[in-house]
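Please find below a colleague's note on the structure shown here.

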Amino acid sequence: MAYGFVESFCGPGGMSLGLERAGFQPLLAFDIDERAVETHSANLSGPCIVADAATLTGQEILSAIGKQGGELSLLSGGPPCQGFSKQKRGAHKGDDRNRLVLEFARLAREIQPRTLLFENVAIFGKKRGRGYLDLMQWELSDYRLFPHFYNCADYGLAQTRERFVMVGVRRDHPIAFSVPESRDGKWKTVGEVLEGLPEPPIDYSEHPEYPNHQRARVTALNVQRFSYVPQGGGWQDIPEHLRLDCHRGVDVSSGGWPDVYGRLRWDGQCPTITGGFDSFTRGRYGHPHQDRPLTPREAARLQGFPDDFAFRGTRADVRSQIGNGVPPPLAYAIGREIKRVLRLADGRAEATRALRRTNTELSPQLAMI
C-alpha cells in the first residue's frame with residue numbers, strides 16, 4: 001500500500017527526500033520561499049507550490065491531493081525556527097514566525113491525517129518554546145504525541161545537530177510510535193563525509209562537477225588569522241596583534257564565543273550547520289585542512305544531502321536553504337518508523353474486518369445449532 005504525505009514549510013526538501021527514501025509517496029509540498037520551492041521542484045518528485053501556511057486551508061490541501069479528511073497518511077513540516085533559536089536573544093517572544101507552529105497544528109486539525117511529523121530546533125521543546133508547545137498539544141488532542149530530542153550524529157551525520165521532533169499518531173490507530181534506533185554508536189567523522197571532494201576553483205566559480213561547490217570570498221587578513229588555528233582550535237590561537245578588537249586582552253580560557261574562527265577536526269564532528277557556515281566569524285566552520293570556510297557543497301554533505309542535489313538561488317538563498325534544511329537521514333529514520341506504525345495499524349484493521357466477515361458467515365450456521 002502506498003502511503004502519501006503532504007509537507008508543509010518544506011524548504012529545499014530535506015524532509016521530503018528522507019520520507020521518499022523511507023517509502024512515502026509525495027502528494028504536495030509548499031513553502032512561502034520561492035527559491036526554496038525552486039530547489040525542491042528541481043530535485044524531487046511530486047508537486048511543490050509557493051503558498052503561505054497562514055492563509056492556506058486544510059480543505060484546499062485536501063482538494064489539491066484528491067482526498068477527504070482523515071485519509072491522508074502523513075502531514076509533515078518544520079515551521080521556521082529562527083524565532084526560537086538560542087542564537088536569538090531576548091526578542092524571541094515577539095517574533096511573528098513563532099506563531100507558524102500553530103498554523104501547522106491548525107492544518108493538522110482540519111486535514112486529520114493519520115500521522116504527523118513536526119520538526120524544530122531543540123530549544124523549542126524546552127523552556128523557550130514551552131508556551132507554544134502546550135498550545136500545539138492542546139490543538140492536537142486527537143493524537144497521541146511522541147516528542148523526542150534527536151542528535152543527528154546518531155542517524156548518520158557527522159554533525160551534532162540536535163532537533164526536537166514530535167510524531168503524532170491519531171487515536172483511532174492503536175499503535176505506539178517508537179524512537180528509531182540510532183546507528184551502532186559509531187558517529188561519522190567530518191573526514192569521512194568530505195573525503196574525495198576536490199578543492200573548489202580558486203577563481204570563486206562553481207566546480208564544474210559538483211554543484212554549489214564554490215569558495216567564499218575572504219579577506220587576506222582573515223585568511224592570515226585563520227592560518228594560525230589548528231584543528232579543533234579557535235580565535236584564542238590567533239596572535240594577539242591579529243585578533244579582532246573584541247578579542248584583544250580577553251582571557252582566552254573564558255572569554256568570547258569559543259567557536260569563532262573555529263577549525264573543524266577531520267576526525268571529529270561539526271556543530272550545527274547554520275546559514276552562516278561560510279564565515280569564520282559565525283562559528284566553527286573552518287575547513288580542517290584548508291585556510292577557508294566550508295563551501296555550500298561541503299555543508300550540504302554534512303547535512304546529509306547527496307552531491308546531485310543542487311540548490312537554487314543566490315549564495316545567500318543557498319546558505320539559508322542548507323542551514324535551515326531538515327537532514328534527509330534523520331527524516332528517513334523517523335519516516336521508516338512512522339511507516340511501520342501505519343502498516344501495523346492497517347494489518348490490525350484488516351484482521352478485525354476478516355474476523356467480522358467470519359462471524360457474519362458463521363452466524364446463520366450457529367443459529368441452527
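1. How many of the six residues of strand β1 (residues 3–8) are buried? In this predicted model, six of the six residues of β1 are buried, and the strand is described accordingly as mostly covered. The burial applies to both faces of β1: Tyr 3, Phe 5 and Glu 7 are buried on one side, and Gly 4, Val 6 and Ser 8 are buried on the other.

2. The protein has 10 helices and seven strands. Of its 369 residues, 50% are buried. Among contacts between residues at least 6 apart in sequence, 65% join residues at least 24 apart.

3. The sheet is the next topic. Seven strands form an open sheet of mixed pairing, in the order β3-β2-β1-β4-β5-β7-β6. Its edges are β3 (48–50) and β6 (143–151), each of which pairs on one side only. From one strand to the next, the twist averages 15 degrees. Strands of a sheet pair through backbone hydrogen bonds, either parallel or antiparallel.

4. Both senses of pairing can be illustrated. β1 and β2 are parallel and share five bridges, with Phe 5 standing opposite Pro 26 in β2. β5 and β7 (residues 162–170) run antiparallel and are joined by seven bridges; here Asn 120 stands opposite Phe 164 in β7. Helix α5 (residues 130–139) lies across β5, β6 and β7, and runs at about 15 degrees to β7.

5. Is Ser 76 buried or exposed? This residue lies in strand β4 (residues 74–77). Ser 76 has a relative accessible area of 0%, and therefore counts as buried, since the cut-off for burial is under 20%. Apart from neighbours within four places in sequence, Ser 76 is in contact with Phe 5, Val 6, Glu 7, Ser 8, Met 15, Leu 19, Phe 104 and Leu 117. Among these contacts, Phe 5, Val 6, Glu 7 and Ser 8 are also buried residues of β1.

6. Within α9, Gln 321 is buried because its relative accessible area is 3%, against a cut-off of under 20%. Leaving aside neighbours within four places in sequence, Gln 321 is in contact with Pro 12, Arg 35, Ala 36, Thr 39, Phe 311 and Arg 312.

7. Which element gives the largest share of the lining of the second largest pocket? That share, three residues, comes from α9. The pocket has a volume of about 510 Å³. It is lined by 31 residues, of which Phe 9, Gly 11, Asp 31, Gly 78 and Pro 80 are the closest to its centre. By class, the lining of the second largest pocket divides into 14 nonpolar, 10 polar and seven charged residues.

8. A search of the whole structure finds one cavity of 30 Å³ or more, and the largest cavity has a volume of about 40 Å³. Its lining consists of Met 15, Leu 117, Glu 119, Val 165, Val 326, Leu 330, Ala 331 and Ile 334. β5 and α10 (328–368) are the elements that give two or more residues to this lining, and α10 gives the most, with three residues.

9. What classes of residue line the largest cavity? Seven residues of the lining are nonpolar, none is polar and one is charged. Two of the lining residues, Met 15 and Leu 117, are also in contact with Ser 76.

Methods: Residues numbered from 1 in each chain as written. Predicted model: local features only at pLDDT ≥ 70, side-chain atom pairs only at ≥ 80, totals over all residues. Heavy atoms only, no water. 1 Å grid on protein atoms, 1.4 Å probe; cavity = no way out; pocket = protein on both sides within 12 Å on 5 of 7 lines; lining within 4 Å. Points joined across faces, edges and corners; volume = space filled by probe spheres on them. Helix = DSSP H or I, 4+ residues; strand = E, 2+ residues; numbered from the N terminus. Nonpolar A, V, L, I, M, F, W, Y, C, P; charged D, E, K, R; others polar. Pairing = 2+ DSSP bridges. Axes fitted to C-alpha atoms, helices over the stretch in contact; angles between N-to-C directions. Contact = heavy atoms within 4.5 Å. Buried < 20%, exposed > 50% of the residue type's maximum accessible area, 1.4 Å probe, protein only.
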